[in-house]
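Keep the viewer open as you read.

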Amino acid sequence: MADRKSSKPPASRKRATRREASKKKNVPPPPEEIAPAESSDEPGATSALDFTETDTYLFREGTHGRLYEKLGAIPTRRDGADGTLFRVWAPAARSVSVIGDFNEWSPKADPMRSLGEPGVWECFVEGASRGDRYKFRVKDADRGRAGDKADPFATAAELPPRTASVIHTSEYSWNDDEWMEKRGPRLERDAPISIYEMHPGSWRRNADGSPLGWSDLAEELVPYLTELGFTHLELLPVTEHPFYGSWGYQTTGYFAPTSRYGSPDDFRRFVDRLHQGGIGVILDWVPSHFPTDAHGLGFFDGTHLYEHADPRLGFHPDWNSFIFNYGRGEVRSFLLSSALYWLHEFHIDGIRVDAVASMLYLDYSREGGNWIPNRYGGRENLDAIHFLRTLNEAVYREVPGVQTIAEESTAWPMVSRPTWLGGLGFGYKWDMGWMHDTLGYMSRDPIHRRFHHNELTFRAMYAWSENYVLPLSHDEVVHGKGSLLRKMPGDEWQRFANLRALYSMMWTQPGKKLLFMGCEIGQWAEWNHDAQLSWPDANDSYRNGLLRFVGKLNTMMREQKALHELDSEPSGFEWIDANDALNSVLSYARKDRDGNRLICVINLTPEPRPEYLLGCPDPGSWRVILNSDEKDLGGSGYPIRTEIESAPIAAHGRYHALLLDLPPLGALVLEKV
């Protein structure tokens, strides 16, 4: 932990001068017109801030979803004096005190008293106010060793690498009522959903190389995402994290937006601005593990409070991090409260739960002998399963209109099925199998693709077993994997043509869409979190063409019900020809609830295929509404007929057929005229 002596206030500073000190720290002083909540410690008196027997019961049961209202730093008034009520859970501690700007970081100034069960400590500090930094000095009961810990329930933190918590109360007034009233249907299974995944620190940067703040990000993102037609923005974790290079996946502040891009209210304003622009916001959230930093949750009260004591259960070998003890009710309540906090307090529209597979399996990434079977001798983590079901039930019960999404990479059954059916209760699941198989196929030279055709068709065996999101995420463009463009074979033209064909398959197959930032412009280099994307200039025809193509795909998906209405139902998809491996051509139809069809045909070789015979689902005239080979999109401009009349020729089990001109490495989508 950093030496506090370097930031210690002058000894002469008194609590009455806190307003001046706040100005020096560039933290706004508490507004005069907002009166803190009234609290009382008079005998027999009660208030909404009291930690009651009901709170204790729910906390220990693992079902308390509002702990952020009772624990942490709560500005309030007692006996007519303004200050802050501090509470922290540390049942095994010998003593706890709060240290901070308001008491010159003295552990003797403000000792906390134990409330008894379930191990909560509290104290009221007169004069402690918004913007003050603080930590808890925790002495363990074993040897009396003292450690300075950040507040697990802090709603703000100072800028890393500094690690103190910050007292914060929101002053923000929301302006997204219209969005909040209508947002539910926008994430339902029959909605057109196209998600833009983004790391806020490396999308665009200022001229000096520093990341944009939340305000500037919102002003640039809203018109950009609107023009491209994305319906939702998914942010990599914005929970506070000490190591920037973890992208937020090593979380220490489960209730605090990272201070790297602004204040918590700046983030509220960011979400509000996107909602006013018609764009939903999804957050990555990480209940699977947490870092070992000394100021964090590990060994919080001198014991393994949040994590398992046995490293075979409590330590993750891949990420060098602790694993939550899901068998402890208080830990489940902590995580449940965190998820609900973001949904309630920041109007978030959905949470994507990271690394669910690592939670479900006790032997995840462990060799034999390095894991402990469950009570039935199996490898399933029964406590984690119970927590995930509790989480999803609480989210859908308490925050109507939102969705939960699982990043789950195995064949665990019924991830996105209701808990009352035996499922985990998520709304959606990432289809990692589709991503792996499709990218494996597309990375091959087209001359070899005929031998791997099944990698594109296998998904139809399970495509409706879950409510799927098709992800081309950040995980596919880091750690030496290369960018999506770099994975594609051939010269520059072929690489971009392959990428447009890949996106055509993605946008026309059943499932919601997710694309990581930079993939829409064909970025050549791997994603680098320390730099902004390599934005194309006006003369870069390939990258600008790809950008326009992604916009056309989103527009088509939104306007054509056949491409989204039955995404999660088998009646919305039918093969025309799944077996043309020789020509590496894939053809299928999508259908809406009224029976209207679209025909999708993708030629995955650089050889054009004139007069390609294709069985026609419905006789009549068909019109091309998407051609990925158009010159304006970076294509070759291979001449094709854009309106084709079916002929009474039997093909592919149908009585009518179309003679199509398939462009090289191109995709066509046709609608009935």
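Which residues in helix 4 meet which residues in helix 5? From helix 4 come Trp-214, Leu-217, Ala-218, Glu-219, Leu-221 and Val-222. From helix 5 come Asp-266, Phe-267, Phe-270, Arg-273 and Leu-274. Bear in mind that this is a predicted model.

Now for the geometry of that pair. Two packed helices are described by the angle between their axes and the distance between the axes. Helix 4 covers residues 214-228 and helix 5 covers residues 264-276. Their axes lie 9 Å apart, at an angle of about 10°. Angles under 35 degrees count as roughly parallel, so helix 4 is roughly parallel to helix 5. The contact of helix 4 with helix 5 has eight nonpolar residues, three charged ones and no polar ones.

A second pair is helix 2 (residues 53-61) with helix 7 (residues 329-345). Here the axes come within 5 Å and cross at roughly 95°. That angle makes helix 2 roughly perpendicular to helix 7. Helix 2 contributes Leu-58, Phe-59, Arg-60 and Glu-61 to the contact. Helix 7 contributes Gly-329, Glu-330, Arg-332 and Ser-333. The contact of helix 2 with helix 7 divides into four charged, two polar and two nonpolar residues.

Stay with helix 2 for a moment. Thr-56 is found in this helix. Is Thr-56 buried or exposed? Its relative accessibility is 14%, so Thr-56 counts as buried. Beyond its sequence neighbours up to four places away, Thr-56 touches Phe-51, Glu-117 and Pro-118. Two of these names return in the backbone: a cis peptide bond joins Glu-117 and Pro-118, with omega about 5°. Pro-118 sits in the loop between strand 5 (113-114) and strand 6 (120-126).

Another cis peptide bond joins Pro-160 and Pro-161. There, omega is about 15°. The loop that holds Pro-161 runs between strand 8 (146-149) and strand 9 (165-166).

Next, check phi. Trp-105 has a phi near 60°, a positive value in a residue other than glycine. Trp-105 lies in the loop between strand 4 (93-100) and strand 5. With a relative accessible area of 9%, Trp-105 is buried. Ala-355 also has a positive phi, about 50°, although it is not a glycine. Look for Ala-355 in the loop between strand 17 (350-353) and helix 8 (356-360). Ala-355 is buried, with a relative accessible area of 9%.

Move on to helix 10. Asp-431 caps its N-terminal end. A side-chain oxygen of Asp-431 lies 3.3 Å from the backbone nitrogen of Gly-433. Which residues of helix 10 are buried? They are Met-432, Trp-434, Met-435, Thr-438, Leu-439, Tyr-441 and Met-442. An α-helix has 3.6 residues a turn, so residues three or four places apart point the same way. The cover over the buried residues of helix 10 includes strand 19 (428-430), helix 11 (454-457), strand 20 (468-472), helix 12 (484-487) and helix 13.

The axes of helix 10 (residues 432-442) and helix 13 (residues 492-508) come within 11 Å and cross at roughly 150°. Angles over 145 degrees count as roughly antiparallel, so that term applies to helix 10 and helix 13. The crossing of helix 10 past helix 13 is right-handed. On helix 10, the contact is made by Trp-434, Thr-438, Leu-439 and Met-442. On helix 13, it is made by Asn-498, Leu-502, Met-505 and Met-506. The contact of helix 10 with helix 13 has six nonpolar residues, two polar ones and no charged ones.

Finish at His-564. This residue lies in the loop between helix 14 (541-559) and strand 22 (573-577). His-564 is buried, at a relative accessible area of 6%. What does His-564 touch, not counting residues up to four places away in sequence? The list is Arg-189, Asp-190, Ala-191, Pro-192, Lys-512, Met-557, Arg-558 and Arg-590. The side chain of His-564 also reaches the backbone oxygen of Gln-560, at 3.3 Å. As for Ser-443, it is 121 residues from His-564 in sequence and 27 Å away in space, C-alpha to C-alpha.

Note on methods. Residues numbered from 1 in each chain as written. Predicted model: local features only at pLDDT ≥ 70, side-chain atom pairs only at ≥ 80, totals over all residues. Heavy atoms only, no water. Axes fitted to C-alpha atoms, helices over the stretch in contact; angles between N-to-C directions. Helix = DSSP H or I, 4+ residues; strand = E, 2+ residues; numbered from the N terminus. Parallel < 35°, antiparallel > 145°, perpendicular 65-115°, else oblique. Left-handed = near helix turned anticlockwise from the far one by under 90°. Contact = heavy atoms within 4.5 Å. Nonpolar A, V, L, I, M, F, W, Y, C, P; charged D, E, K, R; others polar. Buried < 20%, exposed > 50% of the residue type's maximum accessible area, 1.4 Å probe, protein only. Polar contact = N/O pair within 3.5 Å; in protein donor to acceptor, adjacent residues only side chain to side chain.
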